[in-house]
Amino acid sequence: MYEHLWSVVLCLLFDDGTCSPISPTVGITTKALELYCVAHLRSPQLSIQAFVKTMCDLHGVGFHRHLSHQFSIGFNLYLQIQCCVAAMVAELLRHDLPDFRLKHACPACTYTLMYEPKLTFSLLYAMDGNDSLKRVLPRSLDTDDCLGTSSELPTGQQLESDHYLSCTFVDQFMWDSTAADDEVIHSENLCEGRWKNMDDAKTKKAWGIYDETGIFVAVCRHGFSLLVADMVQSGELAKYPLAVVSKLLDVFGRNLGGRYDIGCQFKTTLDNSSLGPLAQSLHHTCLVGAFHGHAHRRLCQLFSLTTYIKGLGLEDLETCERTFSKSNFLVSTLHYASVFHRQQAIDTYFEHNNNFEVYANLSNFLYSNYKQALDILNDSNATLPQLMWDLKVADKTVFEHWLEEEKVYLQGLTREPEDETLQMDSWQRLVNLTVKDTRKAKSAQQHTLEDYGRNLKVVQALELKLEIKKRWTPEDTQWQKVGRLVANRKYQHALDCLEGLIVAHIFELMKMNWAGTAQCTPPCQTLKWEDVMEYVFLADFDLLRDTRVNAFQHLWSSAAVCSAMDLYFKMCRACEEIQCLNVEI
């Protein structure tokens, strides 16, 4: 009966000469279409042509190219009927309300009970861009080397999905950085230069042969896909994560935690956008994943790394990478697809993955995390007391205090002390006054007078700030002391940077070779790369004893204390994970 109805539907909908309803020679059953649909979703590399060839082999007939085209038409019709049936079912069940799918995407994240404990984060999600699912834009052939105009045929097909964020919605955040200029954003970013997607010059351009250059997705911590957006003729611009955050804040509201590879810079971008006041009022938190976080600077890690965030549990927030490892199998079928069919394939894949992969493994996810948390607590309870006894630490709260000390210490290495900066600026201006005064006869008198007056005003202003009652002269002790500071300025600045990197266990020490160590007064020790390779712990770096603040005065700089701190914070996150899992279960 159903096969007969399907044949009737095929005949009615294809009465345009594509598949002749008068004398049919090819029949496609619903079972064959369903088999291909399920097989393709399980193995996205399976193409229509390969499947049709397989069916021809089973039936003992020769393969012809038009069979693939006919099967493709039938498969499109099959998917359209599925969408219509799903829409009618959703309407009857009252599941067609705005954002209904998003509000019920993950049972563990979105379902709440009365009187259940409130967690620090109401929803943890990860977002990231993936440039594998590109689509080539067909273009006409031109005689010159430039790309031709688009030759893509217009189509009235449009995907209706609450998975996808429309380009119109995303583009409203294109110029959304009105509260601060680029200099403010760059000055607050500690990790710029370490990430390709932090470089606007690289991300705002894309290869001209592509129209869609990838996708930007958001997934919850359990792996359920929440939102998808196409990256159109661009790299991973800030408008895509801003659009995702805007939608999630609108649907879920308060206490969201969002992971992004460049979460440190994105926090500044978000705060300075039109979403900034809303995100701050709803207590949105920008996070960095456990894997990518170790490529950030240590100071950034102390503020954003998952290990040190209270209420985060044992979640590593690297869900996007696991999602992309499966969705990348769609690549071969999407490069030359139309806009509609590409979006249809991506949307169908993520819906199938949510229903048959992530949901099916949800219980195993909860069980594995629960077991991992209990194992960490058992091991830590047996090890940490002995470490605390060896370190003569009586209270665990000292680990929190040491963490704050490290933050303050590393923040102090990012800039020179203000008093030293003012003194060196004043000394340099006095030197300029002296030099200009001795060269009056050799230079233009008017320019000399202008420069002299300008330097004199700056010197007077600096003397007021430093409360200097008598102007320094080359014979004064303070003049000579500050002169040595200026001579060692480059070395000291490089040493401060070096110390911060070593504390973070990042050995980018080749920069010390051009820091001008030979010109320092008194001469300072030269660091060789061969010596660096032999060093293991921070205590081995005697060179750092020349820094403004001796790192060895702090207990957290020792290897034993670092191990104890890591173990303590893992215990804290394990306890939080158990509390979170009890609520989710």
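Does Asp-261 count as buried or exposed, and at what relative accessibility? In this predicted model, Asp-261 counts as buried, at 6% relative accessibility.

In total, the structure holds 18 salt bridges.

## Salt bridges between separate parts of the chain

Among these salt bridges is the one between Lys-247 and Asp-99, whose closest N and O atoms are 2.9 Å apart. Because Lys-247 belongs to helix α10 (residues 239-252), while Asp-99 sits in the loop between α4 (65-92) and α5 (100-103), the pair ties together parts that are 148 residues apart in sequence. The two residues fall on either side of the 20% limit below which a residue is called buried: Lys-247 is buried, with a relative accessible area of 19%, whereas Asp-99, with a relative accessible area of 21%, is partly exposed.

A further salt bridge is formed by the side chains of Arg-101 and Asp-162, with an N to O distance of 3.1 Å. Here Arg-101 is located in helix α5 and Asp-162 in the loop between β1 (123-130) and β2 (164-165), so this pair connects parts that lie 61 residues apart in sequence. Asp-162 has a relative accessibility of 42% and therefore counts as partly exposed.

## Packing of α2 against α4

Helix α2 (residues 30-42) packs with α4 at an angle of about 80°, and the axes of the two helices are 10 Å apart. At this angle, α2 and α4 are roughly perpendicular to each other. On the α2 side, the contact is made by Ala-32, Leu-33, Glu-34, Tyr-36 and Cys-37, and on the α4 side by Phe-71, Gly-74, Phe-75, Tyr-78, Leu-79 and Gln-82.

What is the division of the residues in the contact of α2 with α4 into nonpolar, polar and charged? The residues of this contact comprise 8 nonpolar, 2 polar and 1 charged. Glu-34 of α2 is among the contributing residues and belongs to a residue type that counts as charged, while Gly-74 and Gln-82 of α4 also take part and are of types that count as polar.

Technical notes
Residues are numbered from 1 along each chain as its sequence is written. This is a predicted model: local features need pLDDT of at least 70, side-chain atom pairs count only at pLDDT 80 or more; totals for chains, interfaces and linings use all residues. Side-chain values use heavy atoms; hydrogens and water are left out. A salt bridge is a side-chain nitrogen of Lys or Arg within 4 Å of a carboxyl oxygen of Asp or Glu. Helices (H or I, at least four residues) and strands (E, at least two) are DSSP runs, numbered from the N terminus. Buried means under 20% relative accessible area, exposed over 50%, partly exposed in between (1.4 Å probe, protein chains only). Axes are lines fitted to C-alpha atoms, for helices over the stretch in contact, and angles run from 0 to 180 degrees between N-to-C directions. Angles under 35 degrees count as roughly parallel, over 145 as roughly antiparallel, 65 to 115 as roughly perpendicular and the rest as oblique. Contact means heavy atoms within 4.5 Å.
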